[in-house]
Amino acid sequence: MVHNRLSTSTFLDLALQTAALERILSASRTYLTACFALYVWDFILTFPDEYRDMWKADRWTSVRVSFFFNRYWSLLVFVLAMYLFWFEFTPKTCDKIHILKPIAVTILLLNCQFLLGARVWVMWNRRKWVAYFFGILAMAGTTVQVWSFSQNKALQLLPGLRGCISVVRGGQNHQWIYWVPLLFYDTTATIFMLVWLIAQRQNGKLSLLPSVFFRDGVLYFVIVTICNLINVVFFSLPTERNPTLNCPLTLTFTSIMATRIVLHLRYVAKSVDSRGSSRSFPHRCSDTLPKASNRGEVTG
């Protein structure tokens, strides 16, 4: 009788845990789908600008290649995430493929860091030490990120539960460390932009394009930093209770902001070239830019 009571208690605990996990997975799928819809909505809104300023550009540059990679690799990352959350996998299959998502995400974030670092490098008159500094910073951060997700394993779900997600291996949680290099990189880039802006204002040489990049860069920093801070907090919690956390929203905003920085700079550069002034900009997202008549030096 005691054995039966224990078996019944264990069964009820298992059922409750399964139901709770199913609710979390269901909410995570909804959250991921909403973030994907937000990305697609912004993709559609900005595609006319992309076609005019990027697809029809005269020459290929590293920034142009990185822009397209960010644009379409982000779609693949979302498709992969949706696939891993919406379908049921055997434990053996999940053990093999759960690592694909963090790898794809890390590649995407590294490319976004390149876009931001390249813009800072141009602002600093293409000084080699700036390029080396941000390159080393990005690679060091990526190394930490690879180490962080290499400590994970596939969560063994009960039959009937859909999804293939990663959790920490062992008792110690290292997943929060993944987002720290991103915080450090974005903060460093923002400091470089602020130092450059102060120097330009003191010399009276501040022009339109650098002003645009500084404004967009600060906005990028604020939004992405908030998302990364939330990730650091959430990932420090018990992972089994928070399988997706805030990762989809961070990826959405990071990709969108990186895309819009490049598109804004391309548009403003063409507007200054054709009109010699920013005062006659047509109505679009760049209407809120600070007015200036000097031609800038930062282009996409």
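C112 counts as buried because its relative accessibility is 1%, in a model that is predicted. C227 is buried too, with a relative accessible area of 5%. C227 takes part in no disulfide. Its nearest cysteine sulfur belongs to C35 and lies 9.0 Å away.

A search of the whole structure finds one disulfide. C94 and C164 form a disulfide, with sulfur atoms 2.0 Å apart. The link joins distant parts of the chain, 70 residues apart. C94 sits in helix α3 (residues 91-97), and C164 in the loop between β1 (152-154) and β2 (166-168). The angle about the S-S bond is 100 degrees, and the link of C94 and C164 is right-handed. Both C94 and C164 are buried.

The aromatic pairs number 20. Two of them involve W124.

| Pair | Centre to centre | Angle between planes | Class |
|---|---|---|---|
| W124 and W129 | 5.8 Å | 85 degrees | edge-to-face |
| W124 and F192 | 5.2 Å | 55 degrees | tilted |

W124 lies in the loop between α4 (100-123) and α5 (128-150), and F192 in helix α6 (residues 180-203), so their pair ties together parts 68 residues apart in sequence. W124 is buried at 15% relative accessibility. F192 is buried at 12%. W129 is partly exposed, at 46%.

Elsewhere, ring pairs link F36, Y39, F43, F47, Y72 and F78 into a cluster.

Charges also meet rings. R64 lies over the face of W60, 3.8 Å from the ring centre. The charged end of R29 sits over the ring of W86, 5.8 Å from its centre.

Terms used. Residues numbered from 1 in each chain as written. Predicted model: local features only at pLDDT ≥ 70, side-chain atom pairs only at ≥ 80, totals over all residues. Heavy atoms only, no water. Disulfide = S-S within 2.5 Å. Helix = DSSP H or I, 4+ residues; strand = E, 2+ residues; numbered from the N terminus. Buried < 20%, exposed > 50% of the residue type's maximum accessible area, 1.4 Å probe, protein only. Phe/Tyr/Trp six-rings, centres within 6.5 Å; stacked < 30°, edge-to-face > 60°. Lys NZ or Arg CZ within 6 Å of the ring centre and 35° of its normal.
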